[in-house]
Amino acid sequence: MVPFDEWLPQQVRCPRTCMRENGSISLNYCMLFLQPEQVRYVMIHELCHARHMNHSRRYWALVARHEPDYRSLDKGLNSAWKQIPAWVGVY
Ligand SMILES: [Zn+2]
């Protein structure tokens, strides 16, 4: 288990999240509207940044070890904003 100082729900550019160098992870509340497999991928993505604070080959190899279908899931996040209801007021 990786210890993190904070897991903060807040508005980060939808539907992405952000891991900061201080070890905190900001979770975008738009994640509530993602598919479960997308949420899982986002969490894996951010947790792998605990080891690699970049998108290097080693980083993606680590992501692939936990989510072999990461390319498809990552690509799907680009259009995930379509899943967010208009009443949220983000788009
Ligand atoms: Zn990343």
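**View 1. Order of the secondary-structure elements in the predicted chain.** Along the sequence the elements follow the pattern β-β-β-α-α-α. The chain thus comprises three helices and three strands, where helices (H or I, at least four residues) and strands (E, at least two) are DSSP runs numbered from the N terminus. This is a predicted model, in which local features need pLDDT of at least 70 and side-chain atom pairs count only at pLDDT 80 or more, while totals for chains, interfaces and linings use all residues. Residues are numbered from 1 along each chain as its sequence is written. Of the 91 residues, 16% count as buried; a residue is buried if 20 or more other C-beta atoms, placed from the backbone, lie within 10 Å of its own, exposed if 12 or fewer, and partly exposed in between.

**View 2. Confidence along the chain.** The average pLDDT of the chain is 81, and 78% of the residues score at least 70; pLDDT is the predictor's confidence in each residue, from 0 to 100. Two residues are in contact if their C-beta atoms, placed from the backbone, lie within 7 Å. Where pLDDT is low, the predicted coordinates should not be read in detail.

**View 3. Packing of helix 1 and helix 3.** Helix 1 (residues 36–48) packs against helix 3 (residues 70–77) at an angle of about 105°, with the axes 10 Å apart. Axes are lines fitted to C-alpha atoms, for helices over the stretch in contact, and angles run from 0 to 180 degrees between N-to-C directions. The two helices are therefore roughly perpendicular to each other; angles under 35 degrees count as roughly parallel, over 145 as roughly antiparallel, 65 to 115 as roughly perpendicular and the rest as oblique. Helix 1 contributes Glu37, Gln38 and Tyr41 to the contact, and helix 3 contributes Tyr70, Leu73, Asp74, Gly76 and Leu77.

**View 4. Tyrosine 41 and leucine 73.** Tyrosine 41 is situated in helix 1 and counts as buried because it has 22 C-beta neighbours inside 10 Å. Not counting residues up to four places away in sequence, tyrosine 41 touches Glu67, Tyr70, Leu73 and Asp74. Leucine 73 belongs to helix 3 and is also buried, with 21 other C-beta atoms within 10 Å. With the same exclusion of residues up to four places away, leucine 73 touches Glu37, Gln38, Tyr41 and Glu67.

**View 5. Crossing of helix 1 and helix 2.** The axes of helix 1 and helix 2 come within 10 Å and cross at roughly 140°, which makes helix 1 oblique to helix 2. From helix 1, Ile44, His45 and Cys48 meet Tyr59, Leu62, Val63 and His66 of helix 2.

**View 6. Histidine 55 in the loop.** Histidine 55 lies in the loop between helix 1 and helix 2. This residue is exposed, since 12 other C-beta atoms lie within 10 Å. Histidine 55 and histidine 45 are 10 residues apart in sequence, and their C-alpha atoms are 9.8 Å apart in space.
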